[in-house]
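Subject: Structure for you to look at

Hello,

Here is the structure I promised. Please open it next to this message.

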Amino acid sequence: MKKERGDLSIIRWSIQTRKQEKRNRLLKRTPNYKKYAIQGNCIKKIYLFYSLRQKESMEKYPRYSHAYFMQKAIQLAQQAAEEGEVPIGAVVVAEGKKIIGKGYNQTEKLQDVTAHAEIIALSAASQYLGGKYLQNCTMYITLEPCTMCAGALGWSQISRIVYGAAELKKGFSQFKPRILHPKTEIITGILAEECQQILRAFFQDKRK
Ligand SMILES: [Zn+2]
């Protein structure tokens with residue numbers, strides 16, 4: 001088709017070209033551009049993705065690292081402290097990437113001694129998966145689990161447990177270190193100081 005000046009089609013064509021150029025520029029700047037390019041012309045999505053990437057890079061710990069998820073658990077512990085609960089938080093992560101369960105201590109609010117962070121996060125994760133076994137899942141907890149929670153984690157056959165601070169009085173390793181599933185891997189001491197600090201501050205405040 002011959003394009004003449006003043007023709008509507010030529011205006012439309014130039015707008016299209018400019019849009020295309022803008023999109024290409026954005027795609028080049030976005031590291032995961034191929035994934036988005038397949039989905040077609042979703043400039044908004046690319047914008048959103050790009051700003052999210054920027055936000056993440058500003059975070060302290062690399063994404064998907066143990067410290068990254070422990071920080072999420074610490075945030076939950078802080079929430080518990082704000083609500084007057086002993087500050088302990090837990091998250092369950094599937095395939096090392098997606099958080100599928102969150103929990104923080106709510107024994108006071110619910111007046112229930114079993115409402116520990118781990119139990120709440122476990123229930124949430126099982127509900128999300130629609131199954132009771134948490135294979136390929138990791139639980140991040142700010143404090144070493146007690147024997148009750150370790151027992152529940154043992155039943156869930158969870159693949160890995162990562163905890164921050166050690167619990168020298170009620171921690172499961174003091175009583176029943178073999179209560180967990182034999183295949184469960186344990187990693188300790190991730191951001192231990194930060195995890196301990198929240199507890200220390202909470203009890204210091206209470207004593208006042
Ligand atoms: Zn517990």
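Below is what I found, going from the overall fold to single residues.

A word on the basis. This is a predicted model, in which local features need pLDDT of at least 70 and side-chain atom pairs count only at pLDDT 80 or more, while totals for chains, interfaces and linings use all residues. Residues are numbered from 1 along each chain as its sequence is written.

**Overall**

The protein chain has nine helices and five strands. Helices (H or I, at least four residues) and strands (E, at least two) are DSSP runs, numbered from the N terminus. Their order from the N terminus is α-α-α-α-β-β-α-α-β-α-β-α-β-α. Of the 208 residues, 27% are buried. Buried means 20 or more other C-beta atoms within 10 Å of the residue's own, exposed means 12 or fewer, and partly exposed is in between; C-beta atoms are placed from the backbone. Two residues are in contact if their C-beta atoms, placed from the backbone, lie within 7 Å. Among contacts with a separation of 6 or more, 53% join residues 24 or more positions apart.

**The sheet**

The five strands form an open, mixed sheet in the order S2-S1-S3-S4-S5. Strands pair if DSSP finds at least two bridges between them. S2 and S5 (185–188) are the edge strands, each pairing on one side only. Neighbouring strands are turned by 15 degrees on average, direction ignored. Axes are lines fitted to C-alpha atoms, for helices over the stretch in contact, and angles run from 0 to 180 degrees between N-to-C directions.

S1 is largely enclosed by the rest of the structure, because five of its six residues are buried. S1 runs antiparallel to S2, with six bridges. S1 also pairs with S3, antiparallel, over five bridges. Val92 shows both sides: Gly101 stands opposite in S2, and Met139 is its bridge partner in S3. Val91 faces Lys102 in S2. S1 and S2 form a hairpin with three residues between them. In that turn, Glu95 has a positive phi of about 50 degrees.

Lys98 belongs to S2 (residues 98–104). Lys98 is exposed, with 11 other C-beta atoms within 10 Å. Its C-alpha atom is 8.8 Å from that of Tyr64, 34 residues away along the chain.

**Helices**

H6 lies across S1, S2 and S3, at about 145 degrees to S2. H9 packs on the sheet and touches S3 and S4, making about 60 degrees with S4.

H4 and H9 also meet: their axes come within 10 Å and cross at roughly 5 degrees. H4 is therefore roughly parallel to H9 (angles under 35 degrees count as roughly parallel, over 145 as roughly antiparallel, 65 to 115 as roughly perpendicular, the rest as oblique). H4 supplies Ile74, Ala77, Gln78 and Ala81 to the contact, and H9 supplies Glu194, Cys195, Ile198 and Phe202.

**The core**

A nonpolar core is a set of buried Ala, Val, Leu, Ile, Met, Phe, Trp, Tyr and Cys residues joined through C-beta atoms within 7 Å. The largest one holds 41 residues, and Ala73 and Tyr140 touch the most other members. Elements giving two or more residues include H4 (66–82), H6 (117–129) and H9 (192–207). H4 gives the most, with eight. Tyr140 touches Phe69, Met70, Ala73, Ala90, Val91, Val93 and Val162, leaving out residues up to four places away in sequence.

Best wishes
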